[in-house]
Amino acid sequence: MSRYLLPRPGGVLTWLSVRPPSLERRLFEHLLGAPAAVELNVQALASALRHPVQAIARALFALNRQASIEVQDGAASLPAASPALRAGLRQGIAGLAQDLIDISGGCGEIMLASDDGFCIAQAGLSAQQAQALAAHLPWDDGSVMHFRMQLCFADRTLYFCASSRIDLKHPVMLRLGAHLVQGCHLPATGK
């Protein structure tokens, strides 16, 4: 029976906040961006990511040690974006508000903002409030949005912010991560 790799919600913010991108991050992005669970085949992963087998094995060990992946017997489905949502993501990161609502549990304020001061998606905030907060995020000392993580994509930084602590292990974190990886056109391969 084949074994398959599945990303875990806690790995989304752990690895998408790493700059410069590490092999572990590229491997995690590869798993997030896959349309289905990826078979545990170190040779195939090494070929897909263009890295030596030993480096892939070390990266898998690191992801497993950080509880960012799990290995399952038999294929399992991933929370993938629909074709309509993928098309919307290509137009600039769209459709993330529902992910934020699901993560926040419908209470509290949560938003995703770009490093140039624009609100990308929000929940629990009016559009005007969110845009005003987003404009100040790069210089905010944490007094406005108490929980803040930086997600690094190529030459961009996105701010994932909430007015209170959120559950980083919430299953929707996987969907949010997949949407971000797909929407930012992140390459899952290459050095």
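The chain exposes about 9300 Å², of which carbon and sulfur atoms supply 54%. The model is a predicted one, and its chain has 8 helices and 7 strands. Of the 191 residues in the chain, 46% are buried. Among the contacts in the chain with a separation of 6 or more, 64% are accounted for by residues 24 or more positions apart.

Two packed helices are described by the angle between their axes and the distance between the axes. For helix 2 (residues 23-33) and helix 4 (residues 53-65), the axes come within 9 Å and cross at roughly 75°, an angle that falls in the range of 65 to 115 degrees and therefore makes helix 2 roughly perpendicular to helix 4. Helix 2 contributes Leu23, Glu24, Leu27 and Phe28 to this contact, while helix 4 contributes Ala55, Ile56, Ala59, Leu60, Ala62 and Leu63. By class, the contact of helix 2 with helix 4 has 9 nonpolar residues, 1 charged residue and no polar residues.

A further site examined is Thr157, which is placed in strand 7 (residues 156-162). Thr157 has a relative accessibility of 11% and therefore counts as buried, the cut-off for that class being under 20%. When residues up to four places away in sequence are not counted, Thr157 touches Arg19, Ala113, Ser114, Asp115, Gln150 and Leu151. Thr157 and Ser17, although 140 residues apart in sequence, are 8.7 Å apart in space, C-alpha to C-alpha.

How values were computed. Residues are numbered from 1 along each chain as its sequence is written. This is a predicted model: local features need pLDDT of at least 70, side-chain atom pairs count only at pLDDT 80 or more; totals for chains, interfaces and linings use all residues. Side-chain values use heavy atoms; hydrogens and water are left out. Axes are lines fitted to C-alpha atoms, for helices over the stretch in contact, and angles run from 0 to 180 degrees between N-to-C directions. Helices (H or I, at least four residues) and strands (E, at least two) are DSSP runs, numbered from the N terminus. Angles under 35 degrees count as roughly parallel, over 145 as roughly antiparallel, 65 to 115 as roughly perpendicular and the rest as oblique. Contact means heavy atoms within 4.5 Å. Ala, Val, Leu, Ile, Met, Phe, Trp, Tyr, Cys and Pro count as nonpolar, Asp, Glu, Lys and Arg as charged, and the others, Gly among them, as polar. Buried means under 20% relative accessible area, exposed over 50%, partly exposed in between (1.4 Å probe, protein chains only). Accessible areas come from the Shrake-Rupley method with a 1.4 Å probe; for residues, only the protein chains shown count as cover.
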